[in-house]
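User: I am new to this structure. Please show me how to read its features one by one.

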Amino acid sequence: MVDSVVSQKTVSNVSVVSMANAPVNALSKALRVGLIDAVNKAISDTEIEAIVITSDLPLFSAGADISEFSGGDLSPMLPEVLALIENSPKPIVAAVNGGAFGGGLELALACHYRVTTEKNKVGLPEVHLGILPGAGGTQRLPRLVPAATALQMIVSGAPTPVKVLNDMFIKITTPESLLDAAVDVAQQAIGEVIPATSKIEIAMTEQLATVFAQTEAHTAAKARGFFAPAKCIDAVKAAFELPFNEGLKREGELFMQCMNTPQARAQQHFFFAERAAASIPSIAKDTKARDIQQVAIIGAGTMGGGIAMNFANAGIPVRMLELEQAALDKGLAVIRKNYENSAKKGKLTQEQVEQRMSLLQGTTEYSDLSEADLVIEAVFEKMSVKKQVFEALDKVCKDGAILATNTSTLDVDEIAACTSRPQDVIGLHFFSPANVMKLLEIVRGEKTADDVIKTSMKLAKTIRKVGVLVGVCFGFVGNRMIEVYGRESGRLVLEGATPERIDKIIYDFGLPMGPFTMGDMAGLDIGYFVRQSRKAFIEHDPSYCTVADELVEAGRVGLKVGKGVYLYEQGSRTPIPDPSVIEIAQRRAKELGIEQRQISDQEILERCIYPLINEGFEILKEGIAQRASDIDVIYVYGYGFPVHRGGPMQYAEEIGLQEIADKMQHYHDSLGEYGKHWFKPSDLLVELAQSKQALATYKK
Ligand code: 3HC
Ligand code: NAI
């Protein structure tokens, strides 16, 4: 044993070095030191003639230890370990027993030979962390696989099945025979010239230059706003244009350029945020999840249909209930059409379509739901209707069945209270389209049992969603914050900014679309009905929604009717600005005594984003979100907030909490009565800004 994270044993004349840094063999300092010690020991041992490096864990290695990126004494660095390996006078074989990612794959690339198992996948996912492979990956990979493959792997960061990388592996075998195969390869290499990946000659050609140009163009469009992907391409290009050592130096420079960006900080924050969201410290670790074998869904409309597809896709049978047969038939027909469309695009076979449809059964009788382990209600957003449904479910559902509501705004506790089992009631708030969007807000009611929450979190994974636990309040986390953003964009139009300008500023910030394009797409009538049912909320100052209200009342409810804030040509989703909307805004502003003026891009951005962030602090203060990073996960997966900004709370941290608080105060003081009401900086924001406490360490 060289170190607790590395073990070493001798098989005949071969030293087998095994990494065991649980859970994923992150190449932390301890593991790097352990590897250096083990390899040096094997090199100096006269009985040893070759070396195998493998792992005792299911994964070969997940690469550099991301938690070390924040600094500290990191020596020896990974390139040093890899240089020792590549320059070893004894042949070294990587036995890649499981996934090898980032530095983990770079380690394998520096070995003289690689063997792996048939179903394995490897990759260089650094781009998802806002960086690029920094331990020779961009220089060695293109020397072992075709340039286009290397480029694709490094720029996309996607895991790649080893079966398409057979140039890189000398042998692809079964898990059982991997170690024997590696030892065999090592022994056969004894006495032979030791190949070094870095010595393989590659050069730029005209044909390759075209591949690079195409990749650059494609990446600029696909990875809009991201810094690292273009740098990945530059680094791979260097492999073809420079000798190995110079290419390595160029890779190092580009790596540091990426590492020092807010984007890298944001994307690394997000990596941990996503994993932290799965943790609920208030629930005992040994809490058992309930078994979910059968699901029922009430309401086969837009959401009910999408939700049902998630379960059918995961092989879980679903009963769908509507009160009228016609509505049921319509709902099931929409689902079939969705699946058929996927089949037309080649994403599903016809057999898979039929298999998924066979898991969906319709009913108009509540008594058919008695065996369901989980029921999700997705009927109209009206408390009286929801209550009728839950009362009916309470009568027919078996003991222990979880009763969930997909409400986007209503009080989950009030719904739970109309049943005799509030401990079994929870909110499962899917986002539209429910079969596509990855986010699932899991709304914990006052009385929801821990095992119901645990089951819901587990279920989110089963249906390939990211579950985030939130508490009960109007709109929960996501919609409560988006309302603020919608309000501000509406008010800015009254103050003289055009919808298309606001949309462009938000798009350039990195969201997939601005608030007006989003509103038209979702339907302006949705917000209108919410406002009608919450008159008390807007009574204070209804100014910001006057334009939207006028449009809805004139039947301009958005894309579905070809006109909303924008106009749309028949069959087109491209928004066309409409001067008559500006006229409405001008007239309304005059009536309300709002002076129209030139507004800077910076003010537009700040006024849309900072109040949304401020609301995030209120949500944290109230304990509606468990932690700031959960809000980021909700925004990236539910609203398309750019991951290169890490989510709204990480963006606030990057800008500086004091700056956000100061700007809130500035608009509070400069926008008259409107500002006084809507721009009060959150107490928590001010408190954390003053104490300079990192948001990540805040706990209510
Ligand atoms: N560094 C530090 N911690 C890591 C890690 C890494 N590279 N990879 C995973 N972890 C941690 C996770 O945070 C998690 O911790 P937690 O239990 O405390 O939440 C734990 O390991 C298990 O991870 P997952 O839950 O993600 O485990 P899965 O089995 O679902 O997935 C995986 C395994 C596919 C390897 C996934 O963890 C992953 O994608 N990891 C990151 C891979 C990566 O990006 N590598 C590149 C690193 S940068 C690099 O190598 C730079 C180099 O070029 C110099
Ligand atoms: P929808 O109008 O498309 O579908 C509702 C369905 O419920 C209809 O098919 C209707 O026939 C059926 N229904 C109504 N009363 C019923 C009853 N008593 N019993 C059985 N079926 C009944 O509405 P949508 O958009 O699917 O919304 C459903 C729920 O999901 C609402 O609570 C809504 O707030 C929520 N939600 C909607 C989102 C969206 O973007 N549409 C996003 C997230 C949540």
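User: Let me start with a strand pair. Which residue in strand 10 does Val 122 stand opposite?

Analyst: This is a predicted model, so every value here is computed from it. Strands of a sheet pair through backbone hydrogen bonds, either parallel or antiparallel. Here, Val 122 stands opposite Thr 160 in strand 10. Strand 9 (residues 121-123) and strand 10 run antiparallel, joined by 2 bridges.

User: In what order do the 3 strands of the open sheet lie?

Analyst: The order is 7-9-10, with mixed pairing. Strand 7 (100-101) and strand 10 (160-161) are the edge strands, and each pairs on one side only.

User: Now the whole chain. Which domains does the assignment give?

Analyst: It lists domain 1 (6-259), domain 2 (295-470) and domain 3 (478-697). Taken over C-alpha atoms, the centres of domain 1 and domain 2 are separated by 44 Å.

User: How do I read a core? Which residues touch the most other members of the largest one?

Analyst: In soluble globular proteins, nonpolar side chains tend to be buried together. The largest nonpolar core has 103 residues, and those touching the most other members are Leu 393, Val 477, Ile 609, Phe 617, Ile 631 and Tyr 635. Helix 24 (residues 601-621) gives the most to this core, with 10 residues. Domain 2 (295-470) and domain 3 (478-697) each supply at least three residues to this core. Apart from it lies another core, of 64 residues, including Ile 92 and Phe 169.

User: Take one member. What is Ile 609 in contact with, leaving aside its neighbours within four places in sequence?

Analyst: The partners of Ile 609 are Tyr 485, Ile 506, Phe 509, Phe 641 and Tyr 651.

User: Next, helices. Why does the end-to-end distance of helix 16 agree with its 13 residues?

Analyst: Helix 16 covers residues 450-462, and at 1.5 Å a residue it should span 18 Å; its end C-alpha atoms are 18 Å apart, so the two agree. Arg 464 follows helix 16, and its phi is positive, near 60 degrees.

User: Which residues of helix 16 are buried?

Analyst: An α-helix has 3.6 residues a turn, so residues three or four places apart point the same way. In helix 16, the buried residues are Val 452, Ile 453, Thr 455, Ser 456, Met 457, Leu 459 and Ala 460. They pack against several elements, including helix 11 (302-313), strand 15 (374-377) and strand 19 (466-471).

User: How many residues of helix 4 are buried?

Analyst: Helix 4 (residues 137-144) is mostly covered, with 8 of its 8 residues buried.

User: Now single residues in loops. Is Glu 68 buried or exposed?

Analyst: Glu 68 counts as buried because its relative accessibility is 16%, and the cut-off is under 20%. Glu 68 sits in the loop between strand 5 (63-64) and helix 2 (78-86). Its side chain makes a polar contact with the side chain of Arg 32, at 2.9 Å. Glu 68 also touches Leu 27, Ser 28 and Leu 74, among others.

User: What about Asp 541: buried or exposed?

Analyst: At 11% relative accessibility, Asp 541 counts as buried. Asp 541 lies in the loop between helix 21 (535-539) and helix 22 (546-553).

User: Which residues does Asp 541 contact, leaving aside its neighbours within four places in sequence?

Analyst: Asp 541 is in contact with Arg 491, Tyr 674 and Trp 678. Tyr 674 is 133 residues away along the chain, yet the C-alpha atoms of Asp 541 and Tyr 674 are separated by 7.4 Å.

How values were computed: Residues are numbered from 1 along each chain as its sequence is written. Chains are lettered from A and ligands numbered from 1 in the order in which they are written. This is a predicted model: local features need pLDDT of at least 70, side-chain atom pairs count only at pLDDT 80 or more; totals for chains, interfaces and linings use all residues. Side-chain values use heavy atoms; hydrogens and water are left out. Helices (H or I, at least four residues) and strands (E, at least two) are DSSP runs, numbered from the N terminus. The expected span of a helix is 1.5 Å times one less than its number of residues. Buried means under 20% relative accessible area, exposed over 50%, partly exposed in between (1.4 Å probe, protein chains only). Contact means heavy atoms within 4.5 Å. A nonpolar core is a set of buried Ala, Val, Leu, Ile, Met, Phe, Trp, Tyr and Cys residues joined through side-chain atoms within 4.5 Å. Domain bounds come from an automatic or database domain assignment. A polar contact is a pair of N or O atoms within 3.5 Å; within protein, one must be able to donate a hydrogen and the other to accept it, and residues adjacent in sequence count only if both atoms are side-chain atoms. Two strands pair if DSSP finds at least two bridges between them.
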